[in-house]
Each structure stands twice: as C-alpha cells, then as structure tokens.
Amino acid sequence: MKLLAAISLAITALLVVSCGTTDSSLKNQGKSAAYIQGFHDGKHSGMKEEGNHYERYVRDDARFRSDSEYKSGWLAGELEGKTLQDEATSIGMAAAGAYSSSQIQKEVDKSRDFEGIANDAVQGTDTSSLNRLGQ
C-alpha cells in the first residue's frame, strides 16, 4: 500500500513540474518575445539553483543588463523555476519517506526471523554432508 502511495506521489511530482507557465499563456498575457526568452532562461536557472542537477543555469548577462523585458522575464522565470523545483522536491521526499519507512519495517521484520536468516545463508549450498554430523 505504501509503495502505491509512493508511486502516486512521484506521478504527482512529475505533473507539478510539467504544469509550469506555457509560451501560449505568456503570449496571451501580452508578453514580448524577449520576456518569454528571459522567462525560459530564468526558469531553468531557478530549477538549477534549487538543486535540480538535470537543469542548467542560463542567463544572457549582456541582455539581462540592457533589456528590461528579458530581465523581467528572467526574474519571473527564476522564481517559477525555484517554486516548481521546491514543490517537486517536497513531493519526492514524501514519496521516498513513505517507501523508505515501509522498506525499513520489512527489514526489521526479516531481521527477527532467525530461521529465515539461516535458510538464506545456506541457500544454494550443498548441506547433505551436514546431515551425517547428527548421526
């Protein structure tokens, strides 16, 4: 049951990350191409800053200094990227916690099964000669 919850949380994390602002929504808000490019660059950068090792930091520094639309978009995108990454990390940690606690309990239960431990230790070993020791 906990594994199912962990899988559900992982799927939710993927949906959260994929539910960011789209180009079409930015265009519908009247944002310029420079703003949209800055937004994309900032979003990747924000996710990288928050620990996503699959993202990269992207910023055209010259454009950031000279183009107010790009800068505004970059800052908004960076904030969204950080927010999305934080949400995905939180959901992922919750999923990992649910899975881990379940696995830990299974291991604790197995460690108390001494006969099972002994059987696992000799599994695949020819123990027929040990039977003669008892005679």
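This is a short talk on one chain, from its overall make-up down to a few side-chain pairs.

Some ground rules. This is a predicted model, in which local features need pLDDT of at least 70, side-chain atom pairs count only at pLDDT 80 or more, and totals for chains, interfaces and linings use all residues. Residues are numbered from 1 along each chain as its sequence is written, and side-chain values use heavy atoms, with hydrogens and water left out.

Confidence comes before anything else. pLDDT is the predictor's confidence in each residue, on a scale from 0 to 100. For this chain the mean is 81, and 78% of the residues reach 70 or more. Which element has the lowest mean pLDDT, and which the highest? Helix H1, residues 2-18, is lowest at 55, and helix H4, residues 61-66, is highest at 97. Where pLDDT is low, the predicted coordinates should not be read in detail.

Now the overall make-up. The chain has 135 residues, and 26% of them count as buried. Buried means under 20% relative accessible area, exposed means over 50%, and partly exposed is in between, with a 1.4 Å probe and protein chains only. The chain exposes about 9300 Å², and carbon and sulfur atoms supply 56% of that. Those areas come from the Shrake-Rupley method with a 1.4 Å probe, and for residues only the protein chains shown count as cover. A contact means heavy atoms within 4.5 Å. Among contacts between residues at least 6 apart in sequence, 66% join residues at least 24 apart.

Next, helix H3. H3 covers residues 33-49, which is 17 residues, and reaches 24 Å from its first C-alpha to its last, close to the 24 Å expected at 1.5 Å a residue. The expected span is 1.5 Å times one less than the number of residues. The buried residues of H3 include Tyr35, Phe39, Lys43 and Met47. Just after H3, Gly51 takes a positive phi of about 105 degrees.

Glu80 lies in helix H5, residues 68-111. Is Glu80 buried or exposed? Glu80 counts as buried, because its relative accessibility is 19%. Leaving aside neighbours within four places in sequence, Glu80 is in contact with Gly20, Thr21, Phe39 and Lys43. The side chains of Glu80 and Thr21 are joined by a polar contact of 2.4 Å. A polar contact is a pair of N or O atoms within 3.5 Å; within protein, one must be able to donate a hydrogen and the other to accept it, and residues adjacent in sequence count only if both atoms are side-chain atoms.

Past the end of H3 is Asn52, in the loop between H3 and H4. Asn52 has 14% relative accessibility, so it counts as buried. Beyond its neighbours within four places, Asn52 is in contact with Met47 and Gln85. Asn52 and Gln85 are 33 residues apart along the chain, and their C-alpha atoms are separated by 7.1 Å. Their side chains make a polar contact of 2.9 Å. The Asn52 side chain also reaches the backbone nitrogen of Tyr54 at 2.8 Å.

Last, the charged pairs. A salt bridge is a side-chain nitrogen of Lys or Arg within 4 Å of a carboxyl oxygen of Asp or Glu. How many are there by this rule? The count comes to 5. One of them joins the side chains of Glu49 and Lys82, at 3.3 Å from N to O. This pair links distant parts of the chain, with Glu49 in H3 and Lys82 in H5, 33 residues apart. Glu49 is partly exposed at 35% relative accessibility, and Lys82 is partly exposed at 26%.

Another salt bridge pairs Asp61 with Arg59, with the closest N and O atoms 2.8 Å apart. Asp61 is partly exposed at 37%, as is Arg59 at 31%. Arg63 pairs with Asp67, and there the closest N and O atoms are 3.6 Å apart. Salt bridges that share partners also join Glu49, Glu78 and Lys82 into one network.

Methods. Helices (H or I, at least four residues) and strands (E, at least two) are DSSP runs, numbered from the N terminus.
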